[in-house]
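Visitor: Please show me the model. I have some questions about its fold.

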Amino acid sequence: MKHRFVIGIGSQRAGSTLFHHLLEESTHIFMHPVKELHYFDTLYGFRAKEGLKDYSLRQMAREVEKIVTAKDLSFLHAKRYKCYLRANKTLGMHPIEKIHYLDLFRPCLMNNKLLGEVTPEYMLLDDAAIIKMKQVIGENAAIILICRNPVKRLLSAVKLMNSYNNLRLNNETAGIWIERMMTDNNSWMLAQDKYNDYQSAIERYSRHFPHFIAISYDQMVTEPTQTAEKLANALNIQVNSERFKLAAEKIVNNLGSDFSVSEDVVEKIAARYQQNQQFLENFFGFPLIK
Amino acid sequence: MEKISLPFVFGIGSQRAGSTFVSHLLNAIPNAYVHPLKELHYFDTKYEMRSLHVLESLSKYRLAINIESLLPYPGQSALELLTDQIVSDSKFSNDPSCKNHDYAYHFRAALTRRNDIAYLCESTPEYMLLPTDALLEIKNTIPNCKAVLAVRDPVKRFISAFRFLAAHESFANDGNEALSQRAIDMLDSGTDGWINQQDQFNQYVQAITRYEQAGIPVFVVFTDTLQTNYSEVVSDLEEFLEVKLDATIVNNLSGKKINEVQFDFQPSQELLAKLSKRYQTPEYDMPPQMSRRSKLLKYLPESWKSVLPT
């Protein structure tokens, strides 16, 4: 295969946007301007097809509005921008079964041997889907999973939910809302359980991809240089550790602290994810940042 | 609805009567912005005279092609034409009914980018068929608008339209006789939607009357005789538009046949006779009604003049 893929597979709210940015800054990988392509999760039925279509068309419409209000169209000459616009067009206007994954990276294929993207939902693919994914991207692909303290990841997911759905949660209501979710075990909560099930994802992906690595969110943020070296060694890619470190200092996609929950609620979340926490501490060999 | 204050000219048809020639002629207006989608189909779709699904599917098709066309490095002017088409088609794809976005939207990108635009133009032959209510709304939105209508002998126009239809249908290779008979059968059926539309595209006077009732002045270009009095027509068009047209563009267009259908179909005498009879009645123009319009009379073909009341 002429090109090699480097794909971040999650977890959601575990620094995947930061990771996308770090790879862009510190490697020669062409990181897709549509950060989350959602190709494999949609193709293999882990996400609604209409959802991807609608989202991509909205993104495209947003770019068109940019063109409408532009005094200067020179930004349209940038290949990266063309790739962004075209990928949204392709994902929005064609059935996913008719789309070739590599084609989504056009017109940026010629000078980029390494192609990357980060879609957290890929973490949820089962073995059958991962096998099919491997047939598309090749066994040589580098796959990265970022693992974050399950409690902090869940709280970040709640903040995202609060922000996207205008739930207007505050210190008091956020705790009540989380407890209700945990009691109800509704689909959102069960999805969070899956995003915290690092062990299963690691086992599944490492079975099929020799260049798979799970890295610690805590280490990526506090010891970026070591993380960069670890990535370079495991994935067999060049990483500029100094640039990786500088970029890591800018935390991307931080939604801010619009609320904090009580210790009591934190303990209940920790109890739910006790096994997951234990797994991560054993796996990485150091305690998680609380 | 957002108003357009700049001078505006619509090419309003008629279909297969030289409307493409007229739209090319509008390019000769200095500092004009002629929308790069020759037929926007905004108003005819908005007023439910055309299926929104047609606009939607066509827009999506063009949108996909034009985004691909951005991939190589087009020159600046080509880039602007492409992006303006992308802007319109993207909006039509999302709102094909045209009920949730203003007509002005389709010109906003160009007006943002350029500060030298003095005239706006767009051509859609189906606008000829718009009812007076729609035209009143257009006049209210674009107070400084005018229209140019290409008029052609109704029989010749019909034959050209049928030739265009046949060229794109499965019966294209049936031969002159069978094609003529098919046209006759369609005319005789009395319920054929395509024939009904052709009748409307031949009702020039009714169209002009509706536009004038709405306060939108119409300039008529008789394409049958255009080549014999081209410079005179251009001069009158300049007076009508209150601009001096670009001589190079005007001269380059002289004698050109644009958008001709490359499909050989010679109508039978029976079909021609039927069409002549159909379109000689008062509701299809012409001569009697035309005689009351000196401006129109000036360019009237000799064959029509001969039947004018003295």
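Visitor: How many helices and strands does chain A have?
Guide: This is a predicted model. Both kinds of element occur in chain A. The count is 14 helices and five strands.

Visitor: What is the radius of gyration of chain A?
Guide: The globule rule gives 19 Å for 290 residues. Chain A comes close to that, so it is as compact as a globular protein of that length. Its C-alpha trace spans about 55 × 45 × 40 Å along the principal axes. The radius of gyration is 19 Å.

Visitor: Among contacts in chain A between residues at least 6 apart in sequence, what percentage join residues at least 24 apart?
Guide: Take the contacts in chain A between residues at least 6 apart in sequence. Those joining residues at least 24 apart make up 79%.

Visitor: Why is strand S1 of chain A largely enclosed by the rest of the structure?
Guide: Arg4(A), Val6(A) and Gly8(A) point one way from S1(A), and they are buried. Phe5(A) and Ile7(A) point the other way and are buried too. S1(A), residues 4-8, is largely enclosed because of its buried residues: five of the five.

Definitions and conventions: Residues numbered from 1 in each chain as written. Chains lettered and ligands numbered in written order. Predicted model: local features only at pLDDT ≥ 70, side-chain atom pairs only at ≥ 80, totals over all residues. Buried ≥ 20, exposed ≤ 12 C-beta atoms within 10 Å, placed from the backbone. Helix = DSSP H or I, 4+ residues; strand = E, 2+ residues; numbered from the N terminus. Rg over C-alpha atoms; globule rule 2.2 N^0.38 Å. Contact = placed C-beta atoms within 7 Å.
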